[in-house]
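Please open the structure in your viewer and keep the selection tool at hand.

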Amino acid sequence: MQFSTKVIIPKATFSIEPCERMLFVGSCFADNIGKRFVADKFRAVVNPYGVMYNPASILHTVRRYLGELASGEEACARTAVFTLGTNHVYILNETGEIVDNCQKRPQRLFTERELSVDECEQYLAEAVELLRRVNPAIRVVVTVSPIRYAKYGFHGSQLSKATLLLAADRLLKRYASAAEGSHPAVDYFPAYEIVNDELRDYRFYREDMLHPSEQAVEYIWERFGDAFFSERTREFLEEWRPVKAALGHRPFNPDGEEYKEFMRRTMKKAEQLQKKYPGLCI
């Protein structure tokens, strides 16, 4: 008997390699997944200007990142992940610009509105093109956050997610048609669908019943790896896992000879990994 409907995820058109340079921009779900990549020694930059929920703010982050932070190798992320949270934006009445953070200023200074599917697609396409100017070979993975927004009402939250899903689908079709026989620059990962259609149970949510639990995030990480990790990356993660656990060990007696010998063996293993995987920084 089968007690769940598993989301089928096709193998991606490209593979993520060990210690790859990556950029994560988007909702707090991007933070959750991005930090997992950092912990497993991918050279990932995660929301450099804070959490960004809507496609316009994702574009603003990419533009600012490329203009202010990224230089040399840092600018050459091979993979970027955009996690879309909402199509709602806040416009500063004085200037008419979409702001990324209201900075606790009075609500009367802003007007809230919803981006259309066309607007969401266009903001995302501009962000993709900015990244491609720096690295024409970059691959962008778009996903929709499974986190629900109760403040819109649950029907309103679903409408917002539907807009983002339609925009993501249009973005994929845009780049699929532009690929001309080569692999498209944009892929989609169904995080929203995994939580809502496959896990589909409140035990996979935190206490607020809105955010996915640590167990759900771990499962999504595994499914992401199934779709995007190369065999070499899987090999690296298997080799890195015991070293990571050893480095995180907290001893009762850090000055004891037994622990010092344990750390010497651990660092020797780490050095061997660094020789095998040149991008690894420990």
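**The enclosed space**

Begin by selecting Phe24, Phe29, Ile33, Val81, Thr83, Val141, Thr143, Phe189, Ile220 and Phe224, the residues that line the largest cavity. The elements that contribute two or more residues to this lining are α1 (28-39), β3, β7 (139-144) and α6 (214-228). The space inside the largest cavity comes to about 60 Å³, and its lining is made up of eight nonpolar and two polar residues, with no charged ones. Rolling a probe the size of a water molecule over the atoms shows where empty space is left.

Before going further, keep in mind that you are looking at a predicted model. Its mean pLDDT is 91, and 95% of the residues reach 70 or more.

Next, turn to the largest pocket, which has a volume of about 260 Å³. Select Tyr53, His88, Tyr90, Asp100 and Lys151, which are the closest to its centre among the 14 residues that line the pocket. Then select strand β4 (residues 88-92), which gives the most to this lining, with three residues. In the lining of the largest pocket there are seven nonpolar, five polar and two charged residues.

**A helix with a kink**

Now select helix α7 (residues 231-247), whose 17 residues reach 24 Å from the first C-alpha to the last, close to the 24 Å expected at 1.5 Å a residue. Where does the kink in α7 lie? Centre the view on Trp240, where there is a kink of about 30°, shortly before the proline Pro242. Trp240 is also one of the buried residues of α7, along with Thr233, Phe236, Leu237, Val243 and Ala246. As you look along the helix, recall that an α-helix has 3.6 residues a turn, so residues three or four places apart point the same way.

**Two loop residues**

Finally, select Lys41, which lies in the loop between α1 and β2 (43-46), and then Asn47, in the loop between β2 and α2 (55-69). Most residues other than glycine have a negative phi, but phi of Lys41 is near 70° and phi of Asn47 is near 40°. Is each of them buried or exposed, or partly exposed? Lys41 is partly exposed, because its relative accessible area is 23%, whereas Asn47 is buried, because its relative accessible area is 7%, and buried means under 20%.

Conventions: Residues are numbered from 1 along each chain as its sequence is written. This is a predicted model: local features need pLDDT of at least 70, side-chain atom pairs count only at pLDDT 80 or more; totals for chains, interfaces and linings use all residues. Side-chain values use heavy atoms; hydrogens and water are left out. pLDDT is the predictor's confidence in each residue, from 0 to 100. On a 1 Å grid over the protein atoms alone, a cavity is a set of points where a 1.4 Å probe fits but cannot get out, and a pocket is an open set with protein on both sides within 12 Å along at least five of seven lines; lining residues have an atom within 4 Å of a point. Grid points are joined across faces, edges and corners, and a volume is the space filled by probe spheres set on the points. Helices (H or I, at least four residues) and strands (E, at least two) are DSSP runs, numbered from the N terminus. Ala, Val, Leu, Ile, Met, Phe, Trp, Tyr, Cys and Pro count as nonpolar, Asp, Glu, Lys and Arg as charged, and the others, Gly among them, as polar. The expected span of a helix is 1.5 Å times one less than its number of residues. The bend at a residue is the angle between axes fitted to the seven residues ending there and the seven starting there. Buried means under 20% relative accessible area, exposed over 50%, partly exposed in between (1.4 Å probe, protein chains only).
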